[in-house]
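Subject: Structure handover

Hi,

Here is the model I promised to pass on. Have a look at it first, then read my notes below.

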Amino acid sequence: MNEFIPIIASVILALIPVVIWLNVIQEKGEDRSIYIKTFLFGTLSVVPPFILIFLFERYPELNIYSIINTSVEQLIYVALLTNIVVGVIEEIGKNVIVRITDKRHPEYIQTLSRALKLSICAGLGFAFAENIFYFYSIWVNPYYGTGDLVTTFIFRSIVTTCGHMVFSGIFGYYFGVGKFSADITEFAKWQGQSLGFVRWISRLTGRLPFQVVREFQNFKGLFIAMGMHALFNASLDLNNKLFAIGIVGAGAVYVFYLMKTRSGRLLFSVIKRRGSSMAARDEDVVLELLGMWTKEGRLAEVMQICDRLLERDPDNNVVKLFKAHAADNQKLKEAYTALKSVFAKSKQQQPEPANQATPSPTLSLEDEKIVLESMGMLYKEGEYKKVLEIANRLMARNPNSSGARVLLEKALDKQKIDNAFNSLSKLFEDDPKPDSPVGV
Amino acid sequence: MADISITTEDIPSTNPAKAVKMLHFTGQLDESNVDEKSKEVYQLIEAAQGPLYLIFDLAGLEYMNSKSIGYLTDWYTKLSEKQGGIVLAQARPNILDILQVVGITQLIQSYATIEEAKAAVIQ
């Protein structure tokens with residue numbers, strides 16, 4: 001009976017991050033069971049790496065890790081090469097799970113965001129199984145104590161589990177792009193992308209261009225995931241935990257952003273598409289214009305045209321993509337402008353001219369002090385807009401008021417930071433999601 | 001290369017400070033000719049000393065591509081800066097359909113007949 005305790009305890013420990021992350025991934029109104037099923041299926045993705053380890057032990061001449069260790073001298077290259085192999089094997093394992101899930105239940109993945117989240121669940125499944133193995137090994141090893149178990153639990157639950165989720169999330173997003181490549185290729189075409197390479201491969205292989213794009217996107221996602229995984233593992237092997245955490249952190253921000261984009265939440269699979277009330281040739285002119293104006297950055301106009309075109313052709317995914325893409329880019333543009341203004345050297349703020357026919361009398365020093373005190377209080381309360389207004393009025397009366405100028409500049413800086421923060425938060429805000437699949 | 005011809009006609013205006021011209025479009029405006037033909041319209045706009053109003057008679061225009069819509073908005077902006085403008089007349093249903101979806105008709109008025117367009121400009 002006692003030998004089961006470490007196993008049960010390891011399973012319970014490994015379940016803790018799973019429960020937390022599954023709750024984070026699942027959104028209101030979504031069916032939890034598809035995430036749980038994918039997670040459980042994802043635990044099987046540890047099987048291929050374990051089979052390989054078994055084979056390497058049985059046939060040492062095939063053991064690629066030993067081959068690398070004996071043939072490469074420098075530690076950094078050993079770490080990189082070994083972990084490239086690890087990254088390739090583990091990411092392919094998780095990717096296969098997502099592919100099989102999609103093959104069996106194509107209705108699960110109807111948005112890019114859903115492709116990403118299901119892949120995250122597959123990654124979570126892998127991390128869960130791997131964590132059990134690690135926790136158990138430490139638990140039963142007499143050389144390790146409780147402290148080691150706690151440290152490993154914390155690090156693996158937060159960093160390594162997140163790592164697996166992030167890497168899978170990235171290939172998942174591209175898997176989604178591949179799945180909906182027919183619409184996405186059409187969208188790319190209207191944006192003026194030549195797709196010459198795709199056409200060439202298409203002719204060479206006899207496959208349709210969107211099928212080529214599908215495989216290309218899949219490979220691209222896998223390649224990025226494998227690369228990040230290899231870098232992450234190698235950093236840990238080389239004892240550079242900070243770099244490893246940085247990779248996971250940056251990846252998590254990217255994955256979270258992709259999950260929240262309008263394009264990511266766009267519902268692609270509509271079983272029955274309604275027809276367009278516009279002639280195909282005329283609609284093509286509008287699509288061409290959308291591509292042209294998207295490239296020119298006329299995003300507001302693009303969104304307005306899309307709204308009008310969707311009234312005529314409500315199920316056109318390419319138009320929906322144009323609109324979502326413009327909305328995402330608009331948010332990015334706003335965030336970039338707000339960030340740029342924070343770092344831009346602020347020009348000497350000039351007081352706004354007093355909107356009065358006759359100039360107001362100068363304030364006495366005592367009165368100015370009272371106004372400055374009130375401004376200071378407002379500043380502390382975060383009422384920067386009011387501070388700016390009062391400072392402008394005060395400087396119109398007392399142009400040399402150094403107190404007003406200092407507060408004006410400080411409030412201006414704070415307001416810029418607030419604006420940047422608001423714009424950045426908007427990137428990760430949940431949009432109203434009229435396109436989300438219902439009941440799936 | 002698709003055929004397109006643009007013929008220009010001066011329209012007498014009651015206001016001497018306001019020049020009015022009518023441009024008759026016949027044929028198809030597409031990638032093969034739009035850049036070349038747009039130059040003629042730009043020349044008219046640049047040559048104008050004061051406010052210039054252009055009436056585009058689109059009765060003979062069978063097709064316009066996206067680039068020509070881009071030019072149309074640019075001509076409108078340039079003329080508006082000079083206190084002038086553009087009005088459209090007799091556009092075919094397919095052309096009007098495109099312009100409505102694109103939102104051009106919110107900026108540029110479109111009239112069913114030449115007389116209505118003239119009346120709107122010369123007042």
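Below are the notes on pockets, cavities and a few backbone details.

First, the ground rules. This is a predicted model, so local features need pLDDT of at least 70 and side-chain atom pairs count only at pLDDT 80 or more, while totals for chains, interfaces and linings use all residues. Residues are numbered from 1 along each chain as its sequence is written, chains are lettered from A and ligands numbered from 1 in the order in which they are written, and side-chain values use heavy atoms, with hydrogens and water left out.

**Pockets**

The search ran on a 1 Å grid over the protein atoms alone: a pocket is an open set of points with protein on both sides within 12 Å along at least five of seven lines, a cavity is a set of points where a 1.4 Å probe fits but cannot get out, and lining residues have an atom within 4 Å of a point. Grid points are joined across faces, edges and corners, and a volume is the space filled by probe spheres set on the points.

The largest pocket holds about 900 Å³ of space. It is lined by 31 residues, and the closest to its centre are Glu90(A), Glu130(A), Tyr134(A), Arg156(A) and Asn233(A). By class, 16 of the lining residues are nonpolar, nine polar and six charged. (Ala, Val, Leu, Ile, Met, Phe, Trp, Tyr, Cys and Pro count as nonpolar, Asp, Glu, Lys and Arg as charged, and the others, Gly among them, as polar.) In chain A, α3 (47-58), α5 (75-104), α6 (112-140), α7 (146-179) and α10 (209-237) each supply at least two residues of this lining. The top contributor is α7(A), with eight residues. Helices (H or I, at least four residues) and strands (E, at least two) are DSSP runs, numbered from the N terminus.

The second largest pocket comes in at about 600 Å³. Of its 26 lining residues, Tyr173(A), Val177(A), Ile184(A), Phe187(A) and His325(A) lie nearest the centre. Two or more residues each come from α7, α8 (181-190), α10, α11 (241-260) and α14 (317-343) of chain A, and α14(A) has the largest share, five residues.

As for α10(A), its 29 residues reach 42 Å from first C-alpha to last, close to the 42 Å expected at 1.5 Å a residue; the expected span is 1.5 Å times one less than the number of residues. After α10(A) comes Asn239(A), with a positive phi near 65°.

**Chain B and the cavities**

Chain B has five helices and five strands, in the order β-β-α-β-α-β-α-α-β-α. Its radius of gyration is 13 Å, close to the 14 Å that the globule rule gives for 123 residues, so chain B is as compact as a globular protein of that length. (The radius is taken over C-alpha atoms, and the rule is 2.2 Å times the number of residues to the power 0.38.) In chain B, 50% of the 123 residues count as buried; buried means under 20% relative accessible area, exposed over 50%, and partly exposed in between, with a 1.4 Å probe and protein chains only.

The whole structure has two cavities of 30 Å³ or more. The largest has a volume of about 60 Å³, and its lining includes Phe25(B), Leu58(B), Met64(B) and Trp75(B). β3(B) gives the most to that lining, with four residues, and the lining splits into nine nonpolar, one polar and no charged.

The second largest cavity has about 40 Å³ of space. Among the residues lining it are Ile6(B), Phe25(B), Lys37(B) and Trp75(B). Its classes are six nonpolar, two polar and one charged.

**Two glutamines to look at**

Gln83(B) is not a glycine, yet has a positive phi of about 65°. Gln83(B) sits in the loop between α2 and β4 (85-89) of chain B and is exposed, at 57% relative accessible area. Gln90(B), also not a glycine, has a positive phi of about 55°. Gln90(B) lies in the loop between β4 and α3 (93-102) of chain B and counts as partly exposed at 30% relative accessibility.

Cheers
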